[in-house]
Amino acid sequence: MIRSALFVPGDQLHLVDKLRRRPRDQQPDRLILDLEDSVAPSAKLAARNAVATALASRQLEGEVIVRINADQAGLDDLAA
């Protein structure tokens, strides 16, 4: 059963570090890394790179979902 999901802007992944310090039963069941409307257009590239690095590191625990943009920006998100 899913109790909670937390959206984290892709350009603010330092917030995920705060989650790791909490007891497991106080962490969200799903972590959603957002590249869409929570990220300013000027920060999209940095957010894509940060999310790609975080996923590649395999240090994110639990279920992780990436919310991407539409149109060409979404293709750029997928490519990253």
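Tutor: A salt bridge here is a side-chain nitrogen of Lys or Arg within 4 Å of a carboxyl oxygen of Asp or Glu. This is a predicted model, in which local features need pLDDT of at least 70 and side-chain atom pairs count only at pLDDT 80 or more, while totals for chains, interfaces and linings use all residues. Residues are numbered from 1 along each chain as its sequence is written, and side-chain values use heavy atoms, with hydrogens and water left out.

Student: Okay, how many salt bridges does the structure hold?
Tutor: There are 6 salt bridges in the structure. As a general point, side chains of opposite charge can pair when their charged atoms come close.

Student: Which residue does Arg3 form a salt bridge with?
Tutor: Arg3 pairs with Asp29, and their closest N and O atoms are 3.1 Å apart. Arg3 sits in the segment before S1 and Asp29 in the loop between helix H1 (14-20) and S2, so this pair ties together parts that are 26 residues apart in sequence. The labels H and S stand for DSSP runs numbered from the N terminus, helices being H or I runs of at least four residues and strands being E runs of at least two.

Student: Is Arg3 buried or exposed?
Tutor: Arg3 counts as exposed, at 52% relative accessibility, whereas Asp29 counts as partly exposed at 22%. The cut-offs are under 20% relative accessible area for buried, over 50% for exposed and in between for partly exposed, with a 1.4 Å probe and protein chains only.

Student: And what about Arg67 and Asp37?
Tutor: Their side chains also meet in a salt bridge, at 3.0 Å from N to O. Arg67 lies in strand S3 and Asp37 in the loop between S2 and helix H2 (44-57), so the pair ties together parts that are 30 residues apart in sequence. Arg67 is partly exposed, with a relative accessible area of 29%, and Asp37 is exposed, at 60%.

Student: Where is Arg48, and is Arg48 buried or exposed?
Tutor: Arg48 lies in helix H2 and is buried, with a relative accessible area of 12%. Arg48 forms a salt bridge with Asp77, the closest N and O atoms being 2.5 Å apart. This pair links distant parts of the chain, since Asp77 is in helix H3 (residues 71-79) and Arg48 in helix H2, 29 residues apart. Both Asp77 and Arg48 are buried.

Student: Which salt-bridge residues are joined into one network?
Tutor: Salt bridges that share partners join Asp34, Glu36, Asp37 and Arg67 into one network.

Student: Back to Arg48, what else does the Arg48 side chain reach?
Tutor: The Arg48 side chain reaches the backbone oxygen of Ala73 at 3.5 Å. Leaving out residues up to four places away in sequence, Arg48 touches Leu35, Ala73, Asp76, Asp77 and Ala80, where contact means heavy atoms within 4.5 Å.

Student: Changing topic, what order do the strands of the sheet have?
Tutor: The sheet is open, with 3 strands in the order S1-S2-S3 and parallel pairing. Strand S1 (5-9) and strand S3 (63-67) stand at the edges with a single partner strand each, so one side of each is left without a neighbour in the sheet. Two strands are said to pair if DSSP finds at least two bridges between them, and S1 and strand S2 (residues 30-34) pair in the parallel sense over 5 bridges. Within that part of the sheet, Pro9 stands opposite Asp34 in S2.

Student: Which residues touch the most other members of the largest nonpolar core?
Tutor: Of the 13 residues in that core, Val8, Leu13, Val16, Leu31, Leu33, Val51 and Leu60 do. A nonpolar core is a set of buried Ala, Val, Leu, Ile, Met, Phe, Trp, Tyr and Cys residues joined through side-chain atoms within 4.5 Å. H1, S2 and H2 each supply at least two residues of this core, and the largest share, 3 residues, comes from H2.

Student: What is Val51 in contact with?
Tutor: Leaving aside neighbours within four places in sequence, Val51 is in contact with Gly10, Leu13, Leu33, Leu35 and Val66. Val51 is placed in helix H2 and counts as buried, at 3% relative accessibility.

Key:
Polar contact = N/O pair within 3.5 Å; in protein donor to acceptor, adjacent residues only side chain to side chain.
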